[in-house]
Amino acid sequence: MTLFFQNQSKSNQALLLNALFLATLVVLGKADAMAIVFAYVFETVVIGFIHVLKLYLIMKHNSSKKEESTIGRFFILVFFVIHFSFFILIQTLFIYIAFAIHDDRLSTSLSSEILVNIFELSGFKIVMAAIVITHLVEYFADFLKNKKYLNQEVEQYFAKPYVRIFIQQLLAIIPFFFLLFNAKVGIVAALLLIFLRTALDMYLNQLAKNKEQSDGLVLYLSKEKPKEIQKMEKTLNRFLE
């Protein structure tokens, strides 16, 4: 186990430590299983906020965009905030209502009471704190330190979070199926969600660092259409960055 951890990249080591921390909280009863579910759902807000910071730096330092006015840059950021907010709001409400119907602790009324119910879940705040810290470390230690904003294009980087968020929200629904057999989401469902979420992120990190594997995925997705390969490769690289 130690050898496996040592052979991982710094990013994957951070993911494994975070997963171990969350799993420990669940097993010891310090975090409710539903707290894990909604922490992953609310993680999309954290991702969106940090993405705004990244977009700002890309627009500020990308020489091909320096001729744009301040108003133009501001409009792009505002558009992303509004569009992304509606995107995650719809998915979050859908997930919340699906669980609220089966969990008496959650209100089914669409009001501020929703946030109150979620924040009162045992362990939710500490789980969210761990997630926020993980993303901030990635932002400062990877994006800023390696100056990745210098070689990015706003048009392509703009949509980067959407695919990841969509997949993440799908994973968050998995514990819902446990409600078909139990009165509430249990430890097993929470641990399964942590495992799948971590495995997905580790796979994407590995894919980003292995050009042979990413090129193979591009060829597979292109379905042997050569004219699409270059475009898909560029899009995939932005997503994995």
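This is a predicted model: local features need pLDDT of at least 70, side-chain atom pairs count only at pLDDT 80 or more; totals for chains, interfaces and linings use all residues.

Me: Which helix holds V78, and is V78 buried, partly exposed or exposed?
Reply: V78 sits in helix α4, which covers residues 70-100. Buried would need under 20% and exposed over 50%. V78 has a relative accessibility of 30%, so the class is partly exposed.

Me: How far apart in space are V78 and V52?
Reply: Along the sequence, 26 residues separate V78 and V52. From C-alpha to C-alpha, the distance between V78 and V52 is 9.1 Å.

Me: How many aromatic pairs are there, and what is the geometry of F38 and Y96?
Reply: The count comes to 11 aromatic pairs. For F38 and Y96, the ring centres are 5.7 Å apart and the planes make an angle of 50°. Stacked needs under 30 degrees and edge-to-face over 60, so the pair F38 and Y96 is tilted.

Me: Which helices does that F38 and Y96 pair tie together?
Reply: F38 is buried at 0% relative accessibility, and Y96 is buried at 2%. The two residues are 58 residues apart in sequence. F38 belongs to α3 (residues 33-61) and Y96 to α4, so the helices tied together are α3 and α4.

Me: What kind of pair do the rings of F80 and F84 form?
Reply: Both F80 and F84 are in helix α4, 4 residues apart, or about one turn of the helix. F80 and F84 are both buried. Their ring centres lie 5.1 Å apart with planes at 20°, so the pair is stacked.

Me: How are α2 and α6 oriented, parallel or antiparallel?
Reply: The axes of α2 and α6 come within 11 Å and cross at roughly 180°. Angles over 145 degrees count as roughly antiparallel, so α2 is to α6 roughly antiparallel.

Me: How many nonpolar residues does the contact of α2 with α6 have?
Reply: On the α2 side, the residues are N18, F21, L22 and L25. They meet I126, V127, A130, I131 and T134 in α6. By class, the contact has no charged residues, 2 polar ones, and a nonpolar count of 7.

Methods: Residues are numbered from 1 along each chain as its sequence is written. Side-chain values use heavy atoms; hydrogens and water are left out. Buried means under 20% relative accessible area, exposed over 50%, partly exposed in between (1.4 Å probe, protein chains only). Rings of Phe, Tyr and Trp (its six-membered ring) pair if their centres lie within 6.5 Å; planes under 30 degrees apart count as stacked, over 60 as edge-to-face and the rest as tilted. Axes are lines fitted to C-alpha atoms, for helices over the stretch in contact, and angles run from 0 to 180 degrees between N-to-C directions. Angles under 35 degrees count as roughly parallel, over 145 as roughly antiparallel, 65 to 115 as roughly perpendicular and the rest as oblique. Contact means heavy atoms within 4.5 Å. Ala, Val, Leu, Ile, Met, Phe, Trp, Tyr, Cys and Pro count as nonpolar, Asp, Glu, Lys and Arg as charged, and the others, Gly among them, as polar.
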